[in-house]
Each structure stands twice: as structure tokens, then as C-alpha cells.
Amino acid sequence: DWTAANIADALVEQVREQIGDGRAICGLSGGVDSAVAAALVQRAIGDRLTCVFVDHGLMREGERQQVEKDFVAATGARLITVDASETFLRELAGVTDPETKRKIIGREFIRSFEGAVSEVLGEGADKGETVKFLVQGTLYPDVVESGGGSGTANIKSHHNVGGLPEDLEFELVEPLRLLFKDEVRAVGRQLGLPEEIVGRQPFPGPGLGIRIIGEVTRDRLEILRRADSIAREELTSAGLDGQIWQCPVVLLADVRSVGVQGDGRTYGHPIVLRPVSSEDAMTADWTRLPYETLERISTRITNEVAEVNRVVLDVTSKPPGTIEWE
Ligand code: XMP
């Protein structure tokens, strides 16, 4: 029967069978899913697993440091960081279509993992040695919404499912493929991961790249990063993290509106707040945040981020809206 302990044991066993005496790398994103997948695989194959964190330049404030510190402290896993922001931004230049962005990001993740293989093997490696397996924290809803379930439409290509390149050389290891997020959290707790990791709100692998509506550029990322960090700070200090599933902060980079700030006219960009409540991300409702919190977030963002002169609230459920805007 379903207990976190039973599931964790069964999954560890399954992974051990699949990988045998091979080597694996696991892409860590800073999110819950990849952390739990990594912890499971580490339990199964020990130090034949190397975790790889790809810094694609689309992370939020402080995220990279968090992965490098929290995850390693919690698991003792071997971690390599790949600095790939130049490449990701170059490949994303000029791209505005959401599915194209997702496919580019999915592909570049894989290219980064491939590029990390020699470092993973280290200098003492034998000639024929290789890394055959790639561990991903894919969940059941990722599979379904990428069109992988039977009879389902492709709503969006999750970077680690529908966004994978066709010439993928790794064999995938996806121990969480049949689980929902709350089950993944239970398994993570069972494996001894700390609450700062398992309790974290979901954040998509493609990061801020799918929260900039329009072309992704370094400047726009910086604007969004500052607005997002203010929103997160205020939600946390108002004690609201437990009530929301996640709160994407979105930059409408191609939209401008007229404002007045200080004693001058501005022509800036809107920021959208998208707080949602959900059980499993398959459906969601917009969260009725207290007006005082909304006001604080709006005032701070428009005061502290010069390029933004308007903050708007998304009051759409899923369906018809998805949680992320792209
Ligand atoms: P949507 O926007 O489809 O999002 O309602 C449902 C949940 O999935 C997350 N999401 C992703 N997670 N890679 C991920 O790891 C992706 O490509 C991706 N796209 C969406 C989203 O944040 C929400 O929790």
C-alpha cells in the first residue's frame, strides 16, 4: 500500500536495476523534483551519480547559491556547476514564440549536460568510460501536459519532456514519472531532505525565460529578477507562503503604458502577479491575497524598479489560463 517509505524503497530498487553499474548525471534546477530525484538515485548508486547545475542565466535572485549550498549540505552529493548563460541567451536572441523558447531551452540543457560529461568522469577515467544515464525529476503532470499521456493535447512542452532534442544520447532515468508533487514531497521527506528543499514552491526549469513575454534579454532579466525578488520577499514576510502554490511574476516586455512618477511622464512596462492555489498544478485557482500585501508589492516594485510603472493582478483560474504565461 501507498506509504512514502514503500514508494521510496521501490523507486530506489527500480533505479538500481535500470542503471546497474553505470554512471549517471542528474540535472538540478533548484526545484523540489530534481532534488528528490537526485536523492533517490544517490541512494541507489552512491557516488556514481554526479549532479549538474546548469546556470542558464534565467534563474531568480539567489537561486544558484541556494542550490550550491543547500542541496550539497543536505545530501553530500557531488555537484558540478556549468556556466551557460552566454549560450542560452545567444540561442534565445530574437525568439518570442513560447514553444520555440521551450524547445531551445530544453535542447541547450541537454547540450550543457553533454558538455559536462568529461568533467564528470574526471582525469583518471578509462578511455571507454562514459555517462550513459541522465536523471530527470519529471512528474506525472509534466508528462500529461506535454502531450505524453494517451489522448491528451500538447498544452506546453515542459523543458524536460517535449522540449528534449531528438538526437538525445543519454538514456533517461525518471523515477518520479508517475507521481504528483505532494507525493514527491512525501518521498523527499522520507529520504531525509530538509524542509527548505521539499517545501519549496514550484519553479519551472526554463526559469524566467518563460516569464518574459517577448524576447529574453539580459536587461529584461535583470528587471524581472528585481521585481520577482520584491514580490517573494513581501509574500514571505506576510506569512503567505503556505497559502499559495506558487506566484509567478511576469514581465510584459513588449507592452508599455504611460505613467507619472516623481514629476515626470514615464513610459514603462507592466509586471503581472500570478498567485495561484492548487493541489497538483493540473488545475488552479487564483489566490485571494490580502489587499495590504498587494499594495506593498505594487508600491515597492514601482518605486524600486525604474523600468516598471504598473503592477497588475492575474485573476484567472486554470483552466482557462495556465499557471505560467508561456
Ligand atoms: P502550467 O503553466 O502548465 O504549469 O499551468 C504547471 C506547473 O508546471 C510548472 N512548469 C514547468 N516545470 N519545466 C518545469 O520543470 C517546464 O518546462 C514547466 N512549465 C511549467 C509550472 O511552474 C507549474 O508549477
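**Burial, packing and backbone geometry**

Modeller: In helix H7, the residues Lys181, Val184, Arg185, Ala186, Val187 and Gly188 are buried. This is a predicted model, in which local features need pLDDT of at least 70 and side-chain atom pairs count only at pLDDT 80 or more, while totals for chains, interfaces and linings use all residues. Residues are numbered from 1 along each chain as its sequence is written.

Colleague: What covers the buried residues of H7?

Modeller: The cover includes helix H1 (4-19), H2 and helix H8 (195-198). Helices (H or I, at least four residues) and strands (E, at least two) are DSSP runs, numbered from the N terminus. Contact requires the C-beta atoms of two residues, placed from the backbone, to lie within 7 Å.

Colleague: Why are H2 and H7 called oblique to each other?

Modeller: Helix H7 spans residues 181-190, and H2 and H7 pack at an angle of about 45° with their axes 10 Å apart. Axes are lines fitted to C-alpha atoms, for helices over the stretch in contact, and angles run from 0 to 180 degrees between N-to-C directions. Under 35 degrees counts as roughly parallel, over 145 as roughly antiparallel, 65 to 115 as roughly perpendicular, and the rest as oblique. The pair H2 and H7 is therefore oblique.

Colleague: Which residues meet where H2 and H7 pack, and what classes do they belong to?

Modeller: Val32, Asp33, Ala35, Val36 and Ala39 of H2 meet Val184, Arg185, Val187 and Gly188 of H7. By class, this contact has six nonpolar, one polar and two charged residues. Here Ala, Val, Leu, Ile, Met, Phe, Trp, Tyr, Cys and Pro count as nonpolar, Asp, Glu, Lys and Arg as charged, and the others, Gly among them, as polar.

Colleague: What makes Asp33 buried?

Modeller: Asp33 lies in helix H2 (residues 32-45). A residue is buried if 20 or more other C-beta atoms, placed from the backbone, lie within 10 Å of its own, exposed if 12 or fewer, and partly exposed in between. Asp33 has 24 such atoms within 10 Å, so Asp33 is buried. Leaving aside neighbours within four places in sequence, Asp33 is in contact with Gly137, Leu139, Leu176 and Val184.

Colleague: How do you know whether Ser34 is buried or exposed?

Modeller: Ser34, also found in helix H2, has 24 C-beta neighbours inside 10 Å and therefore counts as buried. Not counting residues up to four places away in sequence, Ser34 touches Cys26, Gly27, Leu28, Ser29 and Gly137.

Colleague: Which feature does UniProt place at Asp33 and Ser34?

Modeller: The unreviewed UniProt entry places a "binding site" at Ser29, Gly30, Gly31, Val32, Asp33, Ser34 and Ala35. Such positions are given in the numbering used here, with feature names shortened, and annotations may be inferred rather than shown by experiment.

Colleague: Why is Asp228 called buried?

Modeller: Asp228, placed in helix H9 (residues 218-237), is buried because 22 other C-beta atoms lie within 10 Å. Asp228 touches Arg60 and Val249, not counting residues up to four places away in sequence.

Colleague: Where do cis peptide bonds occur?

Modeller: One joins Lys318 and Pro319, with omega about -15°. Another joins Pro319 and Pro320, with omega about 10°. Pro319 is found in the segment after strand E12 (308-313).
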